[in-house]
Amino acid sequence: VQICIHFLLIWQGLSIGRLPDASQEGILKQFNSLDDMALFHYTVPPDTTRATWEFASFQDEPGCPSREVMIYLRYSSFPVLVPDNATFSEKFLQLSEDVHYIKTHSSYQPHDSTVFPIYNPQPGEWFAFAYLSPYEEKITQQGLLHKCRYSLGSIALWTKAEQVEQIIPFEKRSYSTKKHFSYYKFHVPDNVNSFRLNLTDCQVVHQIQETVLGKDKCIEYVNLRANGLPKHNPGIQGFQNITKGEGAVFDVSRPFKGALYYLLVVSTAVVKFDLEMYHSDCGEIGLYGSNQKGWYLTTRGLKYNDSGDAQFEKEPSDVFNLF
């Protein structure tokens with residue numbers, strides 16, 4: 001009960017001034033096997049610009065030693081870690097950017113917590129593992145000395161983008177920025193093979209402040225990303241310094257299927273521009289093609305629909321494309 005009260009005090013000390021969107025607590029143990037891991041699960045909502053995790057570790061007695069706590073955070077699946085310093089196989093693909101490493105220390109009455117923000121995170125399921133780092137504990141006779149207990153409290157807050165406008169495929173529309181960072185989104189169906197997003201005719205509506213980029217500059221930066229809000233990475237991705245009357249073109253082949261794509265537009269002025277997105281598909285799932293649409297599959301094999309169209313043969317003259 002005492003540990004839970006301490007955990008609630010963290011909420012009162014939040015400088016952000018609102019209740020957390022997620023809160024969890026787990027018992028901490030020193031690592032010997034995966035059973036010793038404290039597991040945390042979070043669901044980050046769509047259109048999130050920043051996910052902020054806050055961790056505080058507790059111990060049940062002031063005389064207990066302060067312990068180091070290791071935390072691994074990862075999107076979409078459990079973190080892959082080697083707390084016993086074992087090595088991965090040479091054939092094991094390691095994506096270091098997928099796993100976030102956090103470290104904190106336990107206290108009887110913690111006044112400070114460890115804050116870990118992730119900007120423009122992938123929406124969906126996030127998982128964290130936590131355990132106590134190795135420590136040389138004194139060997140004592142059971143019942144003579146107190147056995148220290150440790151736990152980890154976790155809270156999370158989601159900051160969401162406002163006014164994310166929808167881009168309608170095959171429909172050219174005019175849009176304008178609402179903030180310094182403005183976001184737009186569109187959905188890519190499952191059977192899309194490629195798509196193009198055209199940003200054209202950028203015009204300055206209202207200059208809020210003078211820009212160092214020159215009077216003809218319209219957009220500072222624009223970028224596109226699948227499944228999450230784009231990151232602001234000038235010089236690495238996207239387009240920079242778009243002038244008045246100009247634009248940018250995003251050509252994407254083999255996009256993520258059934259995904260939301262987001263467009264980021266950065267500008268110090270209120271600007272307007274045209275957006276048009278169109279895509280090409282892979283054809284209908286199943287048998288398809290100009291000489292195959294009259295056939296269908298039954299339990300006895302391929303059958304012709306007997307439409308009376310003489311251009312179709314009653315037996316297949318070539319191999320069938322199943323996908």
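Me: Is Tyr 131 buried or exposed?
Reply: One note before we start: this is a predicted model, in which local features need pLDDT of at least 70, side-chain atom pairs count only at pLDDT 80 or more, and totals for chains, interfaces and linings use all residues. Residues are numbered from 1 along each chain as its sequence is written, and side-chain values use heavy atoms, leaving out hydrogens and water. Buried means under 20% relative accessible area, exposed over 50%, and partly exposed in between (1.4 Å probe, protein chains only). At 3% relative accessibility, Tyr 131 is therefore buried.

Me: How many aromatic pairs does a search of the whole structure find?
Reply: Rings of Phe, Tyr and Trp (its six-membered ring) pair if their centres lie within 6.5 Å; planes under 30 degrees apart count as stacked, over 60 as edge-to-face and the rest as tilted. Searching the whole structure this way gives 13.

Me: Which residue forms a stacked aromatic pair with Tyr 72?
Reply: Its partner ring is 6.3 Å away, centre to centre, with 10° between the planes. Strands are DSSP runs of E with at least two residues, numbered from the N terminus. The partner is Tyr 131.

Me: What is the angle between the planes of Phe 186 and Tyr 261?
Reply: These two rings form a stacked pair, 5.9 Å centre to centre. Phe 186 in β11 and Tyr 261 in β16 are 75 residues apart. Phe 186 is buried, at 0% relative accessible area, and Tyr 261 is buried too, at 5%. The angle between their planes is 10°.

Me: How many bridges join strand β11 to strand β16?
Reply: Residues 181-188 make up β11, and residues 259-266 make up β16. The two strands run antiparallel, with Phe 186 standing opposite Tyr 261. Two strands pair if DSSP finds at least two bridges between them, and here the number is eight.

Me: Which strands stand at the edges of the open sheet?
Reply: Five strands form this sheet, in the order β9-β11-β16-β13-β14, with mixed pairing. Each edge strand has a single partner, so one side of each is left without a neighbour in the sheet. Those edge strands are β9 and β14.

Me: Which side chain makes a polar contact with the side chain of Ser 106?
Reply: Ser 106 is found in strand β5 and is buried, at 4% relative accessible area. A polar contact is a pair of N or O atoms within 3.5 Å; within protein, one must be able to donate a hydrogen and the other to accept it, and residues adjacent in sequence count only if both atoms are side-chain atoms. At 2.8 Å from Ser 106, the partner is Gln 59.

How values were computed
Helices (H or I, at least four residues) and strands (E, at least two) are DSSP runs, numbered from the N terminus.
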